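Visitor: Hi! Could you walk me through this protein structure?
Guide: Happy to, let's look at it together.

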Amino acid sequence: MTDAEADPGPGAQKPGFDRRLLPPMLLGSVLNPVNSTIIAVALVPIGRALGAPASQTAWLVSALYLATALGQPVVGRLIDVFGPRRLFLLGTGLVGVAGVVGALAPGLGVLIGARVLLGFGTCAGYPAAMALVRGEAERTGRDSPGGVLTALAVANQTIAVVGPLLGGLLIAVGGWRATFALNVPLAVAAVVLGLLRLPKAQPKAEPAAQPKAVPTGGSARRGSLAARLDLPGMGLFAAMLVSLLLFLMNPHLRDWYLLALSAAAGAAFAARELRAATPFIDLRVLGGNTPLLATYGRALVAYVVAYSFLYGFTQWTEEGFGLSPFHAGLAQIPMFLLAIGVSVVSGRSTGVRGKLLLGAVGQIAACLVILTLGGDSPLWMLLLVALIFGVPQGLNNLALQNSVYFQADPERTASSAGLLRTFAYIGSMVASSATAASFGQHADTGGLHRLARVMLGAGVLYLLLTLFDRTLGRAAGAGTRAPV
């Protein structure tokens with residue numbers, strides 16, 4: 001038992017956050033952003049090595065986000081029920097397996113399969129971290145213990161921005177396969193830290209309201225577990241989301257049936273969740289929580305801009321501007337440095353409205369500068385774009401994460417955090433589709449400008465969603481929960 005866990009006597013100071021949890025929390029939560037961003041500079045080398053155009057290598061991006069968008073709320077719900085330890089260990093172990101498969105993949109199909117495994121494997125890290133923060137808040141009596149939310153945001157921002165640079169370095173040293181092999185030591189470290197430091201927890205108690213009594217025995221226990229997990233609800237949610245994301249990957253009128261299937265599954269999902277005793281996603285609570293819904297909407301459009309920049313701009317710097325993968329990552333150092341500084345400084349403030357507004361303005365400004373770029377632009381203009389993007393990169397994720405923490409139902413912290421990532425990855429899928437449609441077979445300057453106009457539209461929408469959201473006047477980060 002640590003000092004932080006000791007029971008204080010009467011009148012003693014409240015215990016602090018158990019800092020032994022920080023290493024596995026931070027490492028687990030960054031496994032997804034490192035795999036999301038490191039692939040940005042590897043797409044061109046992979047395409048050249050496997051003879052695949054940009055429209056096909058885009059599946060390496062889409063596959064991970066499809067799996068993650070589906071898996072985050074599902075795994076988050078499992079964490080809410082069973083606790084973070086077991087799901088954390090299973091997920092990080094799967095990351096190691098995916099790293100081996102990717103490093104040895106003989107072709108693009110197997111490589112895409114490895115990215116799917118990575119998507120599911122990295123689902124547990126962030127919801128587990130948020131659940132641990134909530135658990136420590138309940139234990140210590142401090143709503144946001146020790147600035148851990150800021151530490152999580154800074155770690156994710158650091159990895160998200162340094163990912164392309166790390167990818168370029170790995171490709172220069174060991175080829176593109178090294179970007180997959182990196183997951184093996186990371187997964188081993190995460191599993192070891194999880195075994196040593198994450199608390200063992202029993203499944204949470206059954207809800208007070210229960211259906212009619214059922215016979216005791218193994219079948220009853222299995223039925224009770226299935227009811228708590230709401231497996232039919234999870235299945236309908238999966239059908240709805242997969243159909244929608246498959247359409248967003250390559251939107252075309254000939255694929256109208258995917259939208260129809262998504263709408264039908266969505267209607268069935270809503271009907272199921274409104275009847276379920278313990279729904280997978282409590283639509284009654286979620287539907288009445290306007291601040292949380294607004295946060296999810298902002299996350300979607302914010303990530304359209306962020307990931308369009310990450311993938312589209314990076315591909316253009318290689319193919320349209322002529323930088324090597326390593327130098328393409330190096331060109332984003334200004335964003336890396338500024339994002340870290342902005343996250344650290346802004347993390348001292350509890351308000352979110354100012355962060356969101358400044359982040360929106362930063363996205364719009366960067367998009368306007370991108371529209372002036374060309375193949376003969378000076379290098380300093382590329383660095384200027386990266387520098388401007390450092391401001392929203394450092395602000396948006398922190399503000400969105402803090403909003404969800406304070407707006408969500410405490411009993412569903414992990415699944416609510418998972419839903420935040422789901423909306424973010426829907427935005428990333430829109431970004432991936434927009435990037436593929438803008439560039440086609442080659443990432444030229446004309447395609448970059450088409451993509452920048454899409455980004456600009458999303459940035460303006462993000463600004464409007466923030467300006468007209470009156471619930472932000474109650475500053476979710478102020479330590480009081482938004483009414484549900």
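Predicted model: local features only at pLDDT ≥ 70, side-chain atom pairs only at ≥ 80, totals over all residues.

Visitor: Okay, how many salt bridges does a search of the whole structure find?
Guide: The search turns up one salt bridge. Asp 469 forms a salt bridge with Arg 298, and their closest N and O atoms are 2.8 Å apart.

Visitor: Why would two side chains like that pair up?
Guide: Side chains of opposite charge can pair when their charged atoms come close.

Visitor: Which parts does the pair tie together?
Guide: Arg 298 is in helix α14 (residues 290-319), while Asp 469 lies in the segment after α20 (445-467), so the pair ties together parts that are 171 residues apart in sequence.

Visitor: And are Asp 469 and Arg 298 buried or exposed?
Guide: Both Asp 469 and Arg 298 are buried.

Visitor: New topic: helices. At what angle do the axes of α3 and α11 cross?
Guide: The axes of helix α3 (residues 54-82) and helix α11 (residues 231-249) cross at roughly 160° and come within 11 Å. Angles over 145 degrees count as roughly antiparallel, so α3 is roughly antiparallel to α11.

Visitor: Is that crossing left-handed or right-handed?
Guide: The crossing of α3 and α11 is right-handed.

Visitor: Let's go to the surface. Which residues form a nonpolar patch there?
Guide: The patch is formed by Val 188, Val 192, Leu 195 and Leu 196, which together have about 390 Å² of accessible area.

Visitor: Where is Val 192, then?
Guide: You'll find Val 192 in helix α9 (residues 183-197). Val 192 has a relative accessible area of 42%, so Val 192 is partly exposed.

Visitor: What about Pro 127, is that one buried or exposed?
Guide: Pro 127 counts as buried because its relative accessibility is 0%. The helix that holds Pro 127 is α6 (residues 125-140).

Visitor: How far apart are Pro 127 and Leu 87?
Guide: In sequence, Pro 127 and Leu 87 are 40 residues apart, and in space they are 9.8 Å apart, C-alpha to C-alpha.

Visitor: One last stop: where does Ala 267 lie?
Guide: Ala 267 lies in helix α12 (residues 256-275). With a relative accessible area of 49%, Ala 267 is partly exposed; the cut-off for exposed is over 50%.

Visitor: And how far is Ala 267 from Met 240?
Guide: Ala 267 and Met 240 are 9.0 Å apart in space, C-alpha to C-alpha, and 27 residues apart in sequence.

Conventions. Residues numbered from 1 in each chain as written. Heavy atoms only, no water. Patch = residues over 30% accessible without salt bridge, like charges linked within 9 Å, V, L, I, M, F, W, Y side chains within 5 Å. Areas by Shrake-Rupley, 256 points an atom, 1.4 Å probe, with all protein chains shown as cover. Salt bridge = Lys/Arg side-chain N within 4 Å of Asp/Glu carboxyl O. Helix = DSSP H or I, 4+ residues; strand = E, 2+ residues; numbered from the N terminus. Buried < 20%, exposed > 50% of the residue type's maximum accessible area, 1.4 Å probe, protein only. Axes fitted to C-alpha atoms, helices over the stretch in contact; angles between N-to-C directions. Parallel < 35°, antiparallel > 145°, perpendicular 65-115°, else oblique. Left-handed = near helix turned anticlockwise from the far one by under 90°.
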